[in-house]
Amino acid sequence: MLKSIIRAAGAAVRFSSAAPGALPLRCPTLRSPSSATARPFTRSLWMMNNGASSGYRPKLFSSKVLAPSVSCGCGGLHTEGDKAFGDFLSDEIAEEKKIQKKQTLPKMSGGWELELNGTEAKLSKHVSGEKVTVSFNVNNSIPANFEEDEEEHEKTQKSVEEEPEIVSTPNFVVEVTKQAAKHSLVFDCQFPEDEISHDEGEEESDIFNIREVSFQPEGDLDWKETSYTLSTDSLDWALYDHLMDFLADRGVDNTFADELSELSTAIEHQEYIKFLESLQGFVKCN
């Protein structure tokens, strides 16, 4: 009889612990796709509903939580915070349009033709039977400045008119294709964060540099990792100078890089305003 009572009590305990309404003892974790390290949620739904202190199981998805403040044909949530956010975006868009230099994009000298696809831009031209293509993307092309300390920031605080301009300096890829060649010579270029210093006596420093050079299939958008890639980190200066001269002879020089930065800045600002307008429409449900 005693054994039967013990077995019954044990079954009851197992049943109660396996019940679907039982609360999990630990919060779930998020795993970053690029990292195997587990990161717990900042705040679990249980704690947000004061479940730990009240002792009862809350209705996590109650109608009270999701009920919109204002009814709308889109069926989305509308709050006072959304209204304030929309008003802020209206002011922000007006300010950005006010400081926008030109409604049209600046033109590149040297006979370059521009092709745009969202944030991607492609410049191309033909030089004596060769085709030269320069591709870049304005995303993440605004360099961040984290070195300025608080004291320095307070000293250099100025009015909006005197603030330094935001300049886009994207990485860009130059592809040179010859008619008889099966592969294109491809240069991966960048605007250096710090100005490159050469030996004394040189009149002008390059405002861009070459990171890598490789032969790639013509028109292939993906960089083939199986093709040998020459890194310029430890390259002989004489060979590097010849590579830079090779680009300059095809119109990719300091003047080109300066104009590309100006064009990229205009495209980036244009895309930023479009993003703010889309964000405003999404928040206001226009």
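Analyst: Let's start with a polar contact: a pair of N or O atoms within 3.5 Å, where, within protein, one must be able to donate a hydrogen and the other to accept it, and residues adjacent in sequence count only if both atoms are side-chain atoms. Here, the side chain of Ser-231 makes a polar contact with the side chain of Asp-233, at 3.5 Å. This is a predicted model, in which local features need pLDDT of at least 70 and side-chain atom pairs count only at pLDDT 80 or more, while totals for chains, interfaces and linings use all residues. Residues are numbered from 1 along each chain as its sequence is written, and side-chain values use heavy atoms, with hydrogens and water left out.

User: Where is Ser-231 found?

Analyst: Helices (H or I, at least four residues) and strands (E, at least two) are DSSP runs, numbered from the N terminus. Ser-231 belongs to strand 9, residues 229-231. The protein chain comes to eight helices and nine strands in total.

User: Which residues is Ser-231 in contact with, leaving aside its neighbours within four places in sequence?

Analyst: Contact means heavy atoms within 4.5 Å. With those neighbours left aside, Ser-231 is in contact with Arg-211 and Glu-212. A C-alpha separation is another way to look at it: Ser-231 and Asp-188 are 43 residues apart along the chain, and their C-alpha atoms are separated by 9.6 Å. For the protein chain, residues 24 or more positions apart account for 56% of the contacts with a separation of 6 or more.

User: Is Ser-124 buried or exposed?

Analyst: Buried means under 20% relative accessible area, exposed over 50%, and partly exposed in between (1.4 Å probe, protein chains only). Ser-124 has 19% relative accessibility, so it counts as buried. Ser-124 sits in strand 4, residues 120-127, and touches Gly-111, Trp-112, Glu-113, Val-132 and Thr-133, not counting residues up to four places away in sequence. In the protein chain, 25% of the 286 residues are buried.

User: Now the helices, please. What span does helix 7 have, and what should it be?

Analyst: The expected span of a helix is 1.5 Å times one less than its number of residues. Helix 7 (residues 237-248) has 12 residues and should span 16 Å, and its end C-alpha atoms are 16 Å apart, which agrees. Helix 8, with 31 residues, should span 45 Å, and its end C-alpha atoms are 45 Å apart. Helix 5 (residues 80-99) reaches 29 Å with its 20 residues, close to the 28 Å expected.

User: Which residues of helix 5 are buried?

Analyst: An α-helix has 3.6 residues a turn, so residues three or four places apart point the same way. In helix 5, Gly-86, Leu-89, Ile-93 and Glu-96 are buried. Down the helix axis they fall within an arc of 90° (taken from the directions from the axis to the C-beta atoms), so they line one face of helix 5. Glu-80, Asp-91 and Lys-98 are exposed on the other side, while the buried residues pack against helix 8 (254-284).

Helix 7 can be read likewise. Its buried residues are Tyr-240, Leu-243, Met-244 and Leu-247.

User: What caps the N-terminal end of helix 7?

Analyst: Asp-236 does, with a side-chain oxygen 3.0 Å from the backbone nitrogen of Ala-238. At the start of helix 8, a side-chain oxygen of Asp-253 reaches to within 3.3 Å of the backbone nitrogen of Thr-255.

User: How many aromatic pairs does the structure hold?

Analyst: A pair of aromatic rings is described by the distance of the centres and the angle of the planes. Rings of Phe, Tyr and Trp (its six-membered ring) pair if their centres lie within 6.5 Å; planes under 30 degrees apart count as stacked, over 60 as edge-to-face and the rest as tilted. This structure holds six such pairs. Trp-112 and Phe-256 have ring centres 4.9 Å apart and planes at 45°, so the pair is tilted. The two residues are 144 residues apart, with Trp-112 in the loop between helix 5 and strand 3 (113-117) and Phe-256 in helix 8. Trp-112 is buried at 9% relative accessible area, and Phe-256 is buried at 3%. Ring pairs also link Trp-112, Phe-172, Phe-191, Phe-208 and Phe-256 into a cluster.
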